[in-house]
Amino acid sequence: MNNPRASGATTTWRAQLLTDTPASRNQARLGQFYRGWLQFKRNRLAVLGLLIVLLLIVVAAFAPWIATHDPYAQDLARRLLPPGTPGNWFGTDEFGRDTFSRLVYGARITLMIVVLVAAIAAPIGLLVGTAAGYAGGWLDTVLMRVTDVFLAFPSLILALAFVAALGPGIENAIIAIALTAWPPYARIARAETITIRNSDYIAVARMQGARTARILWAYIMPLCVASLVVRVTLDMAGIILTAAGLGFLGLGAQPPMAEWGAMISAGRRYVLDQWWVATIPGIAIITVSLAFNLLGDGLRDVLDPRKS
Amino acid sequence: MSVASGGAGALRGVRRGGEFALQVALTLLGLLAVTFFIGRVVPIDPVLAVVGDQAPRDVYEAVRIELGLDRPLWVQFWLYVQKMAVGDFGNSLVTNRPVLDDIARVFPATLELATIATIIGVALGVPMGIAGAVYQDRWPDQLVRVIGLVGYSVPIFWLGIMGLLVFYGILGWVAGPGRLGIFFEDIVPAVTGVILIDSAIAGEWEVFWNAVSHVVLPAAVLGYFSIAYIARMTRSFMLDQLSQEYVVTARAKGLSEARIIWVHALRNISVQLITVIALSYARLLEGAVLTETVFAWPGLGRYLTTALLAADMNAVLGGTLVVGAVFVGLNLLSDALYKLMDPRAK
């Protein structure tokens, strides 16, 4: 009975997932996930966003098999070729490197940046926000003051200052963006924590002797995750744009790395005669950040219906 | 009786003013703490970050003493706050002049760009947001939504490059990068530093139109981002208003739809709208960094990026601090305007 598959002989798996009386915790979770998916699926633009993000992941994972050329191999005899040239369908850059192959490898860098920034910034925000919201008092005041000060700078300017102090480079750009990205997450986590900290189930856990760390980790943080996921997904586009901006200014990924913003920066010198060198990486950036925006909107409708 | 309550009111006003001043002071202190942290704690060797790795030994030692790096961290911070409080941001490595003077010189250019961009943002964003609300879920709404979504997804520097390619390179409608053509430079005396105003004061209309032709494209690119933001906010404020009962009453009374929207509803959202405009003005400072780089616009943004590439820490931190202070100032201003104009927000 506890195994959801055990009773599957008589009903379909769909009915099994949508049942009002799940027989196990796993079945309930899967059912909830499935309902969310059904709702998400109705938003066609969000599905499109999801498909593009999945495509980005596939391209990044299988870059060596998808790319037609070595992204760093120079061929000065074939420099600045226009798109549509046989063998170099997206054209070549000023060193004769194949633009398509560089875009494919650039997908890896873009994905790495967003994943790492999210992996650093979201936990920091979650920890600061839940601690401030649950503890209240002076800890709350101090932590939120610090958060406000970080929010008082426009994020790109603050990231620029951090990169200036750390030195240019892709790792430092990621650290700098993460250091500017966490304050909104702390705000969200704190707001969620304040609404649930006086709930009965928290009081029960406390009476059973759960330590503060355990209450935060097992009872409060899981409830903050949904709104945090929505916010992080919506922020991904902004993270991509900031990283591309740093790359464009020469402070992020360094040459010869195939980063999209740096590619635009290199193509900028030739834009009046060879427009495609700067144009094509820009289209890649728009496509990916648009996809994250659409996906985030769709997720918000499913996970966080209050705010849509 | 009335005298006593008047006294209490004044006292309350003073107290509220005091709290406000304290809040501003704390925020500014926080900004200083962040720039101090970035300048002194993050770099492995703050002296190298200030003088660069080519500096001779004696310069290195002099700066080390000047920065007070031989003293405890909290003493350093206190000295730093004292210096900043009197506007001593140190000298720029690149220009060899005080950073504050440099910033005062380049700031009007950014102000000019951001102001025109905001005007564009308001002039187009507000009507677009209203159209989106009035034609909710029909094609004008979808169009406004797409324009906004693209605005949130396009890299501003790329949009600037494309704008230069199309409107300068191919069509030749506007002038290229920079603030003025080389033949027009240094003709009008700098009074305000804003060339459009200076040339109008001097009556040099040729210079004026040249400046207009230079500012149109960067301001439009920058303004696009305000359009996206202002239109989205206007739409949601307007939707709120149009579902209110007074709108039903006005319709029942037989008022024209245009009058309901442009007179009754617009007046009710104007307070919220002003705070949104102030915030979008602040956000333009951020976009200005990249836009100014693309258009070789000699403002604060380009000053910052030039300083960054030269690892000129004093200039970077001074610029960051000024941007942060302006950002905070505009936020406070929008709060104050809100309280001033909306009697409910007391």
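In the contact between the two chains, 36 residues come from chain A and 41 residues from chain B, two residues being in contact if their C-beta atoms, placed from the backbone, lie within 7 Å. On the side of chain A that touches chain B, 27 residues are nonpolar, 7 polar and 2 charged; Ala, Val, Leu, Ile, Met, Phe, Trp, Tyr, Cys and Pro count as nonpolar, Asp, Glu, Lys and Arg as charged, and the others, Gly among them, as polar. The model is predicted: local features need pLDDT of at least 70, side-chain atom pairs count only at pLDDT 80 or more, and totals for chains, interfaces and linings use all residues. Residues are numbered from 1 along each chain as its sequence is written, while chains are lettered from A and ligands numbered from 1 in the order in which they are written.

Leaving aside neighbours within four places in sequence, Phe162(A) is in contact with Ala176(A) and Leu179(A), and with Ile38(B) and Val42(B). Phe162(A) is also among the residues that touch the most other members of the largest nonpolar core, which has 167 residues. Such a core is a set of buried Ala, Val, Leu, Ile, Met, Phe, Trp, Tyr and Cys residues joined through C-beta atoms within 7 Å, where buried denotes 20 or more other C-beta atoms within 10 Å of the residue's own.

Helix H11 (residues 257–294) and helix H13 (residues 313–341) of chain B pack at about 175°, with axes 9 Å apart; helices are DSSP runs (H or I, at least four residues), and axes are lines fitted to C-alpha atoms over the stretch in contact, with angles running from 0 to 180 degrees between N-to-C directions. H11(B) is therefore roughly antiparallel to H13(B), a term for angles over 145 degrees. Their contact has 15 nonpolar, 3 polar and no charged residues.

Terms used
Helix = DSSP H or I, 4+ residues; strand = E, 2+ residues; numbered from the N terminus. Parallel < 35°, antiparallel > 145°, perpendicular 65-115°, else oblique. Buried ≥ 20, exposed ≤ 12 C-beta atoms within 10 Å, placed from the backbone.
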